[in-house]
Amino acid sequence: MTITPHSSAPDSVHASAAGSLLLGGDLPLSRMGFGAMKLPARDWDGPACDPVQSVAVLRRAVELGVDHIDTAWFYFHEDVSANGLIREALHPYRDGLVIATKVGPGRNPDGSWQDPAGPAEVRAAVHRNLRELGVDRLDLVYLRRMPSQKSIAEVFAALAELREEGLVRHLGVSNVDAAQLAEAEAVAPVAAVQNRFSVLEHSAQDAALLADCTARGIAFVPFFPLGGSGVPADPALQRVADRHGATRAQVMVAWLLAVSPSILAIPGTSSPAHLEENVAAASLRLGAEDLAELAASAGA
Ligand SMILES: NC(=O)c1ccc[n+]([C@@H]2O[C@H](COP(=O)([O-])OP(=O)(O)OC[C@H]3O[C@@H](n4cnc5c(N)ncnc54)[C@H](OP(=O)(O)O)[C@@H]3O)[C@@H](O)[C@H]2O)c1
C-alpha cells in the first residue's frame with residue numbers, strides 16, 4: 001500500500017482533501033469514504049429511511065469525491081437493501097469507484113440472524129453481492145467474523161478460492177484479533193482490516209492491530225467511526241471542535257485520518273447535511289494539542 005499525504009485544503013468540500021492510499025497495491029482510494037449500513041433503515045429493526053433520500057445521499061457522496069463505499073448483502077430492512085440502493089443510485093459505476101462488501105453473517109428475509117456462514121454460504125453470499133451490485137467482480141470482500149467463530153481459516157479459504165476464480169479482487173477481514181488476521185494471511189493476502197474503532201472507543205488490542213496494519217501496509221477501516229448511534233456528547237470533543245469551528249462528528253473523522261495514514265474513514269449517514277459535514281472533515285487538520293486532549297479524554 002502506497003500512501004500519499006493529505007493534499008492542501010481545497011476551496012470546497014471534497015473527499016480528496018483526506019489524501020489517498022493504494023489498497024492491496026493496485027486500487028487508489030481517497031481516505032474519506034462512506035458507510036452504507038444505515039441507508040435502508042436507522043437500525044436493524046427500523047425505522048426505515050426514505051429510499052429517495054438515501055439514493056440522493058449516495059449520488060452526492062460520489063459528487064463530493066467519495067470513491068469508496070462500504071456495504072454488505074445483509075444490510076437490508078424489509079425489501080430495501082444497501083446493495084440495491086447503491087446499484088439504483090450509481091450503476092453503471094464510474095471508473096475508480098470501489099465498493100467494499102462483506103460475507104459472514106447469515107440473515108433470513110425477515111431480518112433474523114442465522115448461524116455464521118460456512119464455506120458454502122460464503123460462496124453463495126459472494127454471488128449474491130455480485131448479483132445485487134450488478135458487477136462481474138467485487139473490489140474488496142471482507143469476511144466478517146462473528147463472535148462465536150474462534151478460527152476463520154476454513155471460511156477465509158473459501159473466500160480465497162473465489163478470489164482465485166476472479167470473482168473478488170481483494171480480501172479483507174473484519175472483527176478480528178491479531179491471531180485471526182495471521183490465520184487469514186496464511187491463506188491469502190489481506191488488503192484491509194475492518195474493526196470497531198473511534199477516538200473515544202478503541203481497545204489496546206485494536207490500537208496494537210492498527211499499528212501493525214500501518215507498519216505492514218494493510219488498510220485499517222474503522223467501523224462505528226462516529227460511535228455508531230449518535231455522536232457522543234464528550235466535553236473534550238466539543239472543546240476541540242470549538243477551537244476549529246467544527247462539529248464533534250468532524251473531529252471524530254479528522255482524528256481517524258490523523259492517527260494513521262492507513263486508515264480509510266467510512267462514516268455513515270442517511271442525511272444529506274451530515275454527509276456534507278462529514279466529507280468536509282477531510283480537510284480538518286488536528287494539532288498536537290487537540291490530539292493530546294482527545295487522548296486524555298479517551299483514557300479517562
Ligand atoms: N464490519 C462490521 O461489523 C461493521 C459494523 C458496523 C458498521 N460497519 C460499517 O461501518 C459504517 C459506519 O458505521 P455506522 O454507519 O453504523 O456508524 P457511524 O458512522 O459511527 O455513525 C452513524 C450514525 O451517526 C449519525 N451521524 C452521521 N453523521 C453525523 C453527523 N455529522 N452529525 C451527527 N450525527 C451523525 C448517523 O445518523 P444520520 O443518518 O441521522 O446522520 C448514524 O446514526 C457502516 O455504515 C458500515 O458500512 C461495519
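Mentor: Start with Phe-224, in the loop that runs between strand E14 (219-220) and helix H7 (235-244). Keep in mind that this is a predicted model. Phi of Phe-224 is near 55 degrees, a positive value in a residue other than glycine. That deserves a second glance because most residues other than glycine have a negative phi. Is Phe-224 buried, exposed or partly exposed? Its relative accessibility is 26%, so Phe-224 counts as partly exposed. Buried would need a value under 20%.

Now set Glu-78 beside it. Glu-78 also has a positive phi, near 50 degrees, and is not a glycine. Its loop lies between strand E6 (76-77) and strand E7 (80-81). The surface picture for Glu-78 reads 63% relative accessibility, so this residue counts as exposed. The cut-off for exposed is over 50%.

Next, the peptide bonds. Most peptide bonds are trans. The bond from Gly-46 to Pro-47 is cis, with omega near 5 degrees. Pro-47 sits in the loop between strand E4 (34-35) and helix H1 (51-63). The bond from His-91 to Pro-92 is cis as well, with omega near 0 degrees. Pro-92 belongs to the loop between helix H2 (82-90) and strand E8 (98-103).

Leaving out residues up to four places away in sequence, Gly-134 touches Arg-87 and His-91. Gly-134 lies in the loop between helix H3 (119-133) and strand E11 (138-144). With a relative accessible area of 27%, Gly-134 is partly exposed. For a sense of scale, take Gly-134 and Ala-208. They are 74 residues apart in sequence. In space, their C-alpha atoms are 37 Å apart.

Now go to Arg-107, in strand E9 (residues 106-107). Which side chain of opposite charge is nearest to this buried arginine? Asp-45 is, at 5.6 Å. A salt bridge needs a side-chain nitrogen within 4 Å of a carboxyl oxygen. Arg-107 therefore has none, given that 5.6 Å. What does its side chain meet instead? Look at backbone oxygens. The one of Phe-74 lies 2.9 Å from a polar atom of the Arg-107 side chain. The one of Phe-76 lies 2.7 Å from a polar atom of that side chain.

Finish at the ligand. A polar side-chain atom of Arg-42 lies 2.9 Å from one oxygen atom of the ligand. A polar backbone atom of Gly-268 is 2.9 Å from an oxygen atom of the ligand. A backbone N or O atom of Gly-35 lies 3.3 Å from an oxygen atom of the ligand. How much of the ligand does the protein bury? Taken alone, the ligand exposes 900 Å², and the protein buries 91% of that.

Conventions. Residues numbered from 1 in each chain as written. Predicted model: local features only at pLDDT ≥ 70, side-chain atom pairs only at ≥ 80, totals over all residues. Heavy atoms only, no water. Helix = DSSP H or I, 4+ residues; strand = E, 2+ residues; numbered from the N terminus. Buried < 20%, exposed > 50% of the residue type's maximum accessible area, 1.4 Å probe, protein only. Lys, Arg positive; Asp, Glu negative; His and termini not counted. Polar contact = N/O pair within 3.5 Å; in protein donor to acceptor, adjacent residues only side chain to side chain. Areas by Shrake-Rupley, 256 points an atom, 1.4 Å probe, with all protein chains shown as cover. Contact = heavy atoms within 4.5 Å.
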